[in-house]
Number of protein chains: 2
Amino acid sequence: MSRRNELTRQAARLFAQKGYHGTSIGDLAEAMGVQKGSLYAHISSKQDLLYVTMAEGARAFHAGLDAIPEELPATAKIRLALRSHLAVVADQLDVATVFVQEWRYLEGERRDEIIAERRRYEERIRAFFREGRDLGELRTDLDETTAALLVLSAVNWAYTWLQPGRDTDELADRFYSLLVEGMRGYATPA
Amino acid sequence: MSRRNELTRQAARLFAQKGYHGTSIGDLAEAMGVQKGSLYAHISSKQDLLYVTMAEGARAFHAGLDAIPEELPATAKIRLALRSHLAVVADQLDVATVFVQEWRYLEGERRDEIIAERRRYEERIRAFFREGRDLGELRTDLDETTAALLVLSAVNWAYTWLQPGRDTDELADRFYSLLVEGMRGYATPA
DNA sequence: TTGCTCGACCCTAACGATCGTTAGGGTACC
DNA sequence: GGTACCCTAACGATCGTTAGGGTCGAGCAA
């Protein structure tokens with residue numbers, strides 16, 4: 001792996017652990033075993049490192065959704081989306097952590113760009129619920145905005161508790177079951 | 001209101017907006033209309049301001065649960081807990097935001113203290129689900145840890161989208177309905 | 001009423017440390 | 001002879017914090 005990639009990986013790790021403003025160029029240099037001035041052979045600013053990490057996060061999350069076949073029922077898509085998102089968080093925990101909590105320290109148009117990517121991702125999720133309701137798989141009075149908010153909250157929070165190496169598919173399915181079937185169960189309908 | 005309280009309010013606001021490390025003592029002084037050295041008549045360090053905000057957050061969230069009557073059914077308690085949490089977030093948005101995202105910048109035993117308060121809060125929520133399952137209000141195969149995780153994720157994420165002035169009770173009830181009754185609805189049981 | 005003290009509040013000026021970044025030069029391998 | 005990589009040394013700026021001194025009004029004693 002190139003030295004530059006190694007640097008971006010360390011950056012993701014440290015930004016996730018101590019935050020963007022809590023991580024100094026000196027910290028990064030130390031992690032690379034190098035003097036801090038030397039880093040500028042690979043990057044042009046600290047902001048660059050943040051942006052690269054964010055862009056990688058956006059790419060990974062979108063790629064997860066891209067792999068979901070269009071022709072599946074909406075509920076199946078939702079289940080796969082949950083699996084995909086948790087999988088990304090689990091095996092790129094640093095990137096996912098930075099993506100979720102450090103985006104506000106981006107500056108300029110790069111900030112706008114990442115915000116737009118996030119919105120687009122959320123909209124793709126929302127579409128699944130809209131489709132599920134309109135095609136009769138989900139309850140007809142479902143508010144797709146609230147439903148998507150609930151799912152996105154669950155997965156966006158995952159970086160705080162998910163430990164890498166766990167079986168994230170099983171966890172995703174547990175979430176799916178709770179969300180779709182409810183916590184009450186069918187034995188005692190209202 | 002005392003000058004000291006005014007300072008802690010501004011601190012919560014700025015920490016929420018720009019992060020702890022992203023906010024300088026100079027920023028705080030400017031917000032107070034004062035030279036930065038003057039702040040040290042009211043506090044003994046920047047860490048103090050963070051801790052005070054965190055402690056207020058912990059207090060507010062716990063106080064919300066304290067107001068829930070013990071004798072209610074578990075599902076009613078869960079609904080009230082959702083309401084209470086969203087209410088705290090909505091009318092102390094800055095404090096709640098700092099409480100959720102900036103706790104990791106606390107140092108020393110104060111950090112441990114706040115982490116313990118958070119754990120205790122989560123355990124109180126978990127107990128509601130355990131009670132609801134054991135007393136037959138919720139499905140018998142309910143995993144209380146997953147259920148609590150789902151609810152806590154939803155409300156912990158709320159600071160990112162909740163706008164003050166909204167009717168948070170109605171929002172909380174929508175969440176409650178989705179979580180307990182499910183998104184599929186009773187018309188099409190498995 | 002006057003004079004005095006006390007506490008709350010703020011100032012200026014500086015401290016040493018650390019910040020992100022740059023310049024210029026060096027080594028080693030293809 | 002490039003290309004990739006790293007060094008030392010310094011830059012101006014900003015960081016959190018401290019020291020020492022000043023102003024003002026409230027409360028109290030004479």
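B:Glu123 is partly exposed, with a relative accessible area of 31% (partly exposed lies between buried, which is under 20% relative accessible area, and exposed, which is over 50%, with a 1.4 Å probe and protein chains only). This residue belongs to a predicted model, in which local features need pLDDT of at least 70, side-chain atom pairs count only at pLDDT 80 or more, and totals for chains, interfaces and linings use all residues. Residues are numbered from 1 along each chain as its sequence is written, chains are lettered from A and ligands numbered from 1 in the order in which they are written, and side-chain values use heavy atoms, with hydrogens and water left out.

**How the two chains are related**

- Two copies of a chain are related by a rotation about an axis and a shift along it.
- Here, chain A is superposed on chain B by a rotation of 180° with 0.0 Å of shift along its axis, giving an RMSD of 0.1 Å, and this is the relation of a two-fold axis (copies are superposed by least squares on the C-alpha atoms of residues with pLDDT of at least 70 in both).
- The residue of chain A that comes closest to the rotation axis is A:Gly182, whose C-alpha is at 1.7 Å.
- Both copies use the same surface, since 100% of the contact residues of chain A recur in chain B (contact means heavy atoms within 4.5 Å).
- B:Ser153 lies in helix H7 (residues 144-156) of chain B (helices are DSSP runs of H or I with at least four residues, strands are runs of E with at least two, and both are numbered from the N terminus).
- B:Ser153 counts as buried because its relative accessibility is 0%, and, leaving aside its neighbours within four places in sequence, B:Ser153 is in contact with A:Ser153, A:Ala154, A:Trp157 and A:Trp161.

**Salt bridges**

- Over all chains, the structure holds 42 salt bridges (a salt bridge is a side-chain nitrogen of Lys or Arg within 4 Å of a carboxyl oxygen of Asp or Glu).
- One of them joins the side chains of B:Glu102 and A:Arg104, at 2.6 Å from N to O, and this pair crosses between chains, with each residue in the loop between helix H5 (93-101) and helix H6 (108-134) of its own chain.
- B:Glu102 and A:Arg104 are both buried.
- Another salt bridge links the side chains of A:Asp143 and B:Arg174, at 3.6 Å from N to O, and this pair also crosses between chains, from the loop between H6 and helix H7 (144-156) of chain A to helix H8 (residues 168-181) of chain B.
- A:Asp143 is partly exposed at a relative accessible area of 30%, and B:Arg174 is partly exposed at 31%.
- Within chain B, the side chains of B:Glu123 and B:Arg130 meet in a salt bridge of 2.8 Å from N to O, where B:Arg130 is partly exposed with a relative accessible area of 27%.
- In chain A, salt bridges that share partners connect A:Glu123, A:Arg126, A:Arg130, A:Arg133, A:Asp134 and A:Glu144 into one network.

**A mostly covered helix**

- H5(A) is mostly covered, for 7 of its 9 residues are buried, among them A:Val95, A:Phe99 and A:Gln101.
- The cover over the buried residues of H5(A) includes helix H1 (3-18), helix H3 (46-66), helix H4 (74-91), H6 and H7 of chain A.

**DNA strand C**

- DNA strand C is surrounded by 14 residues, of which the closest are A:Ile25, A:Tyr40, A:Lys46, B:Arg3 and B:Gln35 (a residue is near a strand if one of its heavy atoms lies within 4 Å of it).
- Sugar or phosphate holds 64% of the atoms of DNA strand C within 4 Å of the protein, and the rest belong to bases.
- A phosphate oxygen of DNA strand C lies 2.5 Å from a polar side-chain atom of A:Tyr40, and another listed distance, 3.2 Å, separates a phosphate oxygen of DNA strand C from an N or O atom in the side chain of B:His42.

**DNA strand D**

- DNA strand D is surrounded by 14 residues, and the closest are A:Arg3, A:Gln35, B:Ile25, B:Tyr40 and B:Lys46.
- Of the atoms of DNA strand D that come within 4 Å of the protein, 68% belong to sugar and phosphate.

Notes: Polar contact = N/O pair within 3.5 Å; in protein donor to acceptor, adjacent residues only side chain to side chain.
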